[in-house]
Amino acid sequence: MSAFNKSEVQLFLLIGFPGLEHAHIWISIPICLMYLVAIMGNSTILFIIKTEPSLHEPMYYFLAMLAISDLGLSFSSLPTMLRIFLIFLFNAMGISPNACFAQEFFIHGFTAMESSVLLVMSLDRFLAIHNPLRYSSLLTSNRVVKMGLILAIRSIFLVLPFPFTLRRLKYCRKNLLSHSYCLHQDTMNLACSDNKINVIYGFFVAVCTMLDLVLIILSYMLILKTVLSIASLAERLKALNTCVSHICAVLIFYVPINTLAAIHRFGKHKSPLVVILIADIFLLLPPLMNPIVYCVKTPQIRKKVLGKFFNKCRR
């Protein structure tokens, strides 16, 4: 018999917005709209890149990987988020432990994948600015596909131990999670058995994610050094302008995740409502904003999207 089957806890309870139970039905409306926009936006990005031969280039392949990561994050959290806010008469919603472990695997997996994709995109920008003549020969389609597979495999294996290490823990009395979905740190803190392995491995995964951020910062330091060596001011601005969308995506992704980690680590008297809001922002903001930012700031994507939209309207 597995360690989990001896557990007294049969359900974990996911929490909505404490103190705002009466408004859950109204809160659910903008949340549903944000999920809808995020899913439609990222699906549109994938459709445009797939159907337009002129966009079959490394930069847009990486953008497609980012859209896949964002779709994965959206679909991973969507079931529990909607169940909580649509069943608005209750403050918490039950989820079976196995379903919770599966959800946290997908959420952390797609989070790791998005972090890796953002790192590779920063390297892509560095190569494009530092060595534009050799860019197309260095980043061929085959190499980009191989990089995508490596990123996916890396993300899977990085978080694969999470559900197994959580399942071996014993959960006695505490079963109320502090988010609207399952996260590794939140779940392991409910255990009444020794969770030292979970703490150590969770810290290792967090360090890997932060290493991606450090390498992104290093890439931009090299980009800035290259840009400053360009004589023409107009060319400098043109080179930096190609990085604006990616910088926005990095800030949108890393600011909420680092804020949430800091609150969990250092917030002794943290407000449950603030923690839940930041956690929801962490999952909702990147999938929602990335398609918007790239459509606005990337003329090739914007023209194709508007072109297909107006062609459809004329019919």
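**Notebook: cavity, pocket, rings and patch**

I looked up the cavity lining by element: α1 (24-51), α2 (58-86) and α11 each supply at least two residues of the lining of the largest cavity. The model is predicted, so I note the limits: local features need pLDDT of at least 70, side-chain atom pairs count only at pLDDT 80 or more, and totals for chains, interfaces and linings use all residues. Residues are numbered from 1 along each chain as its sequence is written, and side-chain values use heavy atoms, with hydrogens and water left out.

**Cavity**

I noted that α2 gives the largest share of that lining, 4 residues. The residues lining the largest cavity are N42, I45, L63, L66, A67, D70, N290, P291 and Y294. On a 1 Å grid over the protein atoms alone, a cavity is a set of points where a 1.4 Å probe fits but cannot get out, and lining residues have an atom within 4 Å of a point. The structure holds 1 cavity of 30 Å³ or more, and the space in the largest cavity is about 30 Å³. For volumes, grid points are joined across faces, edges and corners, and the space filled by probe spheres set on the points is taken.

**Pocket**

I then turned to the largest pocket, with a volume of about 1100 Å³. A pocket is an open set of points with protein on both sides within 12 Å along at least five of seven lines. I found 39 residues lining the largest pocket, of which Q185, A206, L260, A261 and H264 lie nearest its centre. Two or more lining residues come from each of α3 (97-130), α7, α8 (196-228), α10 (244-266) and α11 (272-297). Of the elements, α8 gives the most to this lining, with 9 residues.

**Overall fold**

I counted 12 helices and 2 strands in the protein; helices (H or I, at least four residues) and strands (E, at least two) are DSSP runs, numbered from the N terminus. Along the sequence the pattern reads β-α-α-β-α-α-α-α-α-α-α-α-α-α. Of the 315 residues, 46% count as buried. Buried means under 20% relative accessible area, exposed over 50%, and partly exposed in between (1.4 Å probe, protein chains only).

**Aromatic pairs**

I listed 7 aromatic pairs in the structure. Rings of Phe, Tyr and Trp (its six-membered ring) pair if their centres lie within 6.5 Å; planes under 30 degrees apart count as stacked, over 60 as edge-to-face and the rest as tilted. F12 and Y171 form an edge-to-face pair, 5.2 Å centre to centre with 85 degrees between the planes. F12 lies in strand β1 (residues 12-15) and Y171 in the loop between α6 (161-167) and α7 (184-188), so the pair ties together parts that are 159 residues apart in sequence. Both F12 and Y171 are buried. I also looked at F253 and Y254, an edge-to-face pair with 4.9 Å between centres and 85 degrees between the planes. F253 is buried at 0% relative accessibility, and Y254 is buried at 3% relative accessible area. Ring pairs also link F12, F101 and Y171 into a cluster.

**Surface patch**

Last, I checked a nonpolar surface patch formed by V145, L149, I153, I156, F157, L160 and F164, with about 710 Å² of accessible area together. Patch residues have over 30% relative accessible area and no salt bridge, and nonpolar side chains (Val, Leu, Ile, Met, Phe, Trp, Tyr) are joined within 5 Å, like charges within 9 Å. A salt bridge is a side-chain nitrogen of Lys or Arg within 4 Å of a carboxyl oxygen of Asp or Glu. Accessible areas come from the Shrake-Rupley method with a 1.4 Å probe; for residues, only the protein chains shown count as cover. Helix α5 (residues 141-159) gives the largest share of the nonpolar patch, 5 residues. I153 lies in helix α5 and is partly exposed, with a relative accessible area of 46%.
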